[in-house]
Amino acid sequence: MSVRPLLIPRDASRKIRPPTYEALFKGHRGAVKGVFVVPDGRLLSWSSDGTLRFWHGDGTSDGKALVGHTRAVEGALLLPDGRILSWSADHTLRLWNPDGSPYGDPLSGHRDGVNGARLLADGRILSWSADATLRLWRPDGLSDGAPLAGHRENVCGTVLLEDESILSWSWDGTLRRWQPNGDPSAKPLVGHKSWVNGALPLPGGQHLLSWSDDATLRVWRLDSGEEATRLLGNQFSVKEALLLADGRILSCGNDWAMGVWRADGSADGEPLTGHRGCVNGAIQLEDGRVVSWSDDCTLKIWDLQKREAATLSGHSKLVTGARVLRDGRILSWSWDCTLRIWDPDAKAQVGVLAGHENRIIGAVQTTDGDIVSWSSDATLRRWSSDASNHSPALETLEKPIIGALVLPDGRVLSWSMDHHLRIWSPDGRLSGSLGGHEAAVGGALILSDGRLLSWSADATLRIRRPEASDQGRQCIGHEGPVFGALALPDGGFLSWSRDSTLRRWSKDGTLIGTPFAGHEEDVYGATLLPNGLVASWGKDKSLRLWDQTGAPVSVHYGHEGTYDGVVMIPDGRLLSWSADETLRLSDQTDYADFIRFRGHQSWVSGALPLADGRILSWSRDMTLRFWNLDGTTAGDPLTGHEASVLGAIVLPDRRVLSWSNDSTIRLWRWDGMPLSVVRLSSPPFEVRATGGNQFSVVAECNNTIVVHDADLNSIA
């Protein structure tokens with residue numbers, strides 16, 4: 001396969017110096033999954049290779065590996081007497097003496113991988129497993145009674161409550177309380193409609209907070225097990241929740257936003273929006289600000305009072321973790337194989353720790369202030385926390401690029417948070433900057449006559465020629481940020497906005513008619529159907545059909561989450577997909593007559609009808625699926641992507657190309673068999689067929705654009 005990358009930085013004359021680090025720890029043969037520092041200053045690591053290892057601070061191994069597990073070691077903890085407890089996907093836990101020799105026999109009893117373990121106040125050990133049970137063990141490793149059985153699926157986690165009872169949660173959507181002796185303490189906490197992702201006790205000891213893939217957080221009364229409050233507002237899976245210093249609750253998840261909730265469960269304002277990918281986590285700084293990190297390759301520092309955020313850009317792939325260092329700076333790590341250090345006051349990057357050869361899984365600060373990171377490249381690395389020793393970042397644009405597309409002449413158009421569009425020549429030189437917008441540019445498209453149409457958070461659109469030196473024609477009419485636009489057959493265009501309306505414009509930018517009014521909240525998207533009707537969808541969870549004058553034709557409700565798109569299949573029925581994990585196939589006039597497609601485990605991001613009558617869909621659950629028109633699945637899911645699937649196209653020979661936030665493009669045979677993988681330097685904005693067996697890719701994350709051309713015949 002021939003791939004010709006084109007990198008377009010702001011200043012290509014600056015180079016990244018070779019990486020510097022204090023020590024390299026090599027010895028594991030699989031991904032390093034965790035590390036902690038033992039009291040004598042040594043490091044203990046564990047790995048997917050089934051071993052644990054001790055290390056000196058200079059990177060040398062301290063004796064032989066701790067060998068005994070037969071599958072990946074999932075975790076370890078240090079016991080008060082100096083022994084080590086480890087647990088594994090091999091269904092067992094093991095105890096080790098401080099010198100690394102085995103202590104007794106394996107702790108056997110679970111029938112599936114052990115997900116976690118913790119030490120109880122009386123010295124016993126609690127473990128939980130994918131076999132749907134928890135188990136108690138005596139300090140000597142012998143079983144202490146029968147399994148704690150009641151969950152029906154994978155037990156994901158536990159927390160200890162003030163009365164020393166145990167709380168567990170599971171993929172079965174329930175939480176359960178257990179007495180210290182293992183007996184059930186009360187009836188299960190039932191209400192979540194999908195797996196529970198976490199829980200924590202609230203101050204006062206009377207209530208418990210849980211969050212779930214069903215897009216809700218719930219507050220429970222511990223005395224009765226009844227639901228006290230349901231926190232609604234997330235569009236999809238709640239991945240994490242954080243109890244803020246003032247008692248409020250912060251939630252983050254797959255809908256690209258964070259919710260802020262008062263202690264009584266009411267929403268404290270609108271969700272915090274700004275990330276353009278799943279929010280993977282958040283932490284609170286001592287001064288009350290919040291740092292979040294996301295699949296969009298950025299971190300953000302939020303002032304919760306002003307509800308404003310500063311963006312920290314530099315990573316080129318999704319950011320998977322962050323922590324606050326002792327000096328108040330922020331350390332982040334990413335799938336781009338780097339760690340980065342940020343000054344939260346200057347809101348600037350002050351160091352790059354480059355050297356790992358695969359995605360970084362985690363990092364910790366040692367007692368002497370150094371940083372230890374571990375990675376899927378099977379190594380650990382120790383770094384000085386002195387930012388002067390770190391590689392400088394490649395200088396790029398001052399604000400994040402939001403999107404890009406390839407112009408007909410081969411140049412690349414990008415748009416950015418800095419209010420500008422830019423045009424880049426094929427050799428990577430900046431050939432033009434288009435201003436005029438007064439806020440972030442949300443998108444752009446090419447009209448039929450070659451002019452550019454752009455739209456912005458400043459509530460306007462602009463039309464101009466690519467070579468124009470002026471700011472173009474400003475289109476004023478919306479009363480809120482413009483979220484998108486589409487070209488109409490007559491040369492005009494249609495736009496939609498946070499102001500809950502759509503508006504039609506002539507090709508010269510003049511408003512036509514009155515607003516398309518009917519949506520009750522933000523309009524998220526629209527499309528022109530083959531029969532000439534306009535379909536729009538929005539935050540109000542409705543799908544609305546209009547004629548091109550703006551007259552309403554019909555309104556459809558049905559999905560339990562926000563609609564994310566709709567397409568008309570050849571027989572005239574409408575296929576829609578949603579944040580509720582489903583697709584629906586329905587008649588345009590009788591929306592009550594529908595077929596529901598169930599199978600995805602997360603937000604369905606897109607779908608298209610295939611020539612053979614099947615439907616292809618893709619989702620944030622990292623899979624694609626083929627469906628028959630009766631709603632049944634046509635074969636197994638297409639698995640392989642390691643992050644949300646962003647899109648898919650079908651090539652002329654029926655093969656499927658999909659692209660993902662994991663920075664890969666995958667080629668599949670028409671029956672779902674995987675054929676090949678293209679690995680990019682960052683998640684792609686767009687993959688577009690350019691004719692024949694060619695496709696082009698526009699990829700961006702750390703404010704650079706990469707354009708690839710590939711001959712698909714050489715992949716197959």
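Author: We start with aromatic pairs, which need a definition. Rings of Phe, Tyr and Trp, with the six-membered ring taken for Trp, count as a pair if their centres lie within 6.5 Å. Planes under 30 degrees apart are called stacked, those over 60 edge-to-face, and the rest tilted. Keep in mind that this is a predicted model.

Reader: How many aromatic pairs does a search of the whole structure find?

Author: The search finds seven aromatic pairs. One of them is formed by Phe-36 and Trp-46, with 5.7 Å from centre to centre and 55 degrees between the planes, and it is tilted. Phe-36 belongs to strand β2 (residues 32-37) and Trp-46 to strand β3 (residues 43-47), so the pair links parts of the chain 10 residues apart.

Reader: Are Phe-36 and Trp-46 buried or exposed?

Author: A residue is called buried if its relative accessible area is under 20%. Phe-36 is buried because its value is 15%, and Trp-46 is buried because its value is 7%.

Reader: What is the geometry of the pair formed by Phe-597 and Trp-627?

Author: That pair is edge-to-face, with 5.5 Å between the centres and 85 degrees between the planes. Phe-597 has a relative accessible area of 0% and is buried. Trp-627 is buried as well, at 0% relative accessibility.

Reader: Which residues lie over the face of a ring?

Author: Here the thing to look for is a charged group placed above an aromatic ring. Arg-584 lies over the face of Phe-594, at 3.5 Å from the ring centre. Arg-654 lies over the face of Trp-670, at 4.7 Å from the ring centre.

Reader: How many helices and strands are in the chain?

Author: The chain has zero helices and 65 strands. Of its 716 residues, 58% are buried. Among contacts with a separation of 6 or more, 37% are between residues 24 or more positions apart.

Reader: What is the order of the strands in the open sheet that contains β48?

Author: The order here is β48-β49-β50-β51, four strands with antiparallel pairing. β48 (523-528) and β51 (552-556) each have a single partner strand, so one side of each is left without a neighbour in the sheet. Neighbouring strands are turned by 20 degrees against each other on average, direction ignored. β48 and strand β49 (residues 534-538) run antiparallel and are joined by five bridges. Thr-527 has Ala-535 in β49 as its bridge partner.

Reader: Where do the side chains point in a regular strand?

Author: They alternate between the two faces of the sheet. Now take a particular strand. In β33 (residues 360-365), five of the six residues are buried, and the strand is mostly covered. β33 pairs with strand β34 (residues 371-375) in the antiparallel sense, over five bridges.

Reader: Which residues are in contact with Leu-161, leaving aside its neighbours within four places in sequence?

Author: They are Leu-167, Arg-177, Pro-201, Leu-208 and Leu-222. Leu-161 sits in the loop between β13 (155-160) and β14 (166-170). Leu-161 counts as buried because its relative accessibility is 7%. Leu-222 is 61 residues from Leu-161 along the chain, and their C-alpha atoms are separated by 9.7 Å.

Reader: Which residues does UniProt list for "repeat: WD"?

Author: The unreviewed UniProt entry lists residues 25-55, 66-97, 189-230, 272-312, 516-547 and 638-668. Over residues 66-97 the chain is 53% strand and 0% helix, with end C-alpha atoms 10 Å apart. Residues 516-547 are 53% strand and 0% helix, and their end C-alpha atoms are 10 Å apart.

Note on methods
Residues numbered from 1 in each chain as written. Predicted model: local features only at pLDDT ≥ 70, side-chain atom pairs only at ≥ 80, totals over all residues. Heavy atoms only, no water. UniProt positions renumbered as here; feature names shortened; annotations may be inferred. Helix = DSSP H or I, 4+ residues; strand = E, 2+ residues; numbered from the N terminus. Buried < 20%, exposed > 50% of the residue type's maximum accessible area, 1.4 Å probe, protein only. Lys NZ or Arg CZ within 6 Å of the ring centre and 35° of its normal. Pairing = 2+ DSSP bridges. Axes fitted to C-alpha atoms, helices over the stretch in contact; angles between N-to-C directions. Contact = heavy atoms within 4.5 Å.
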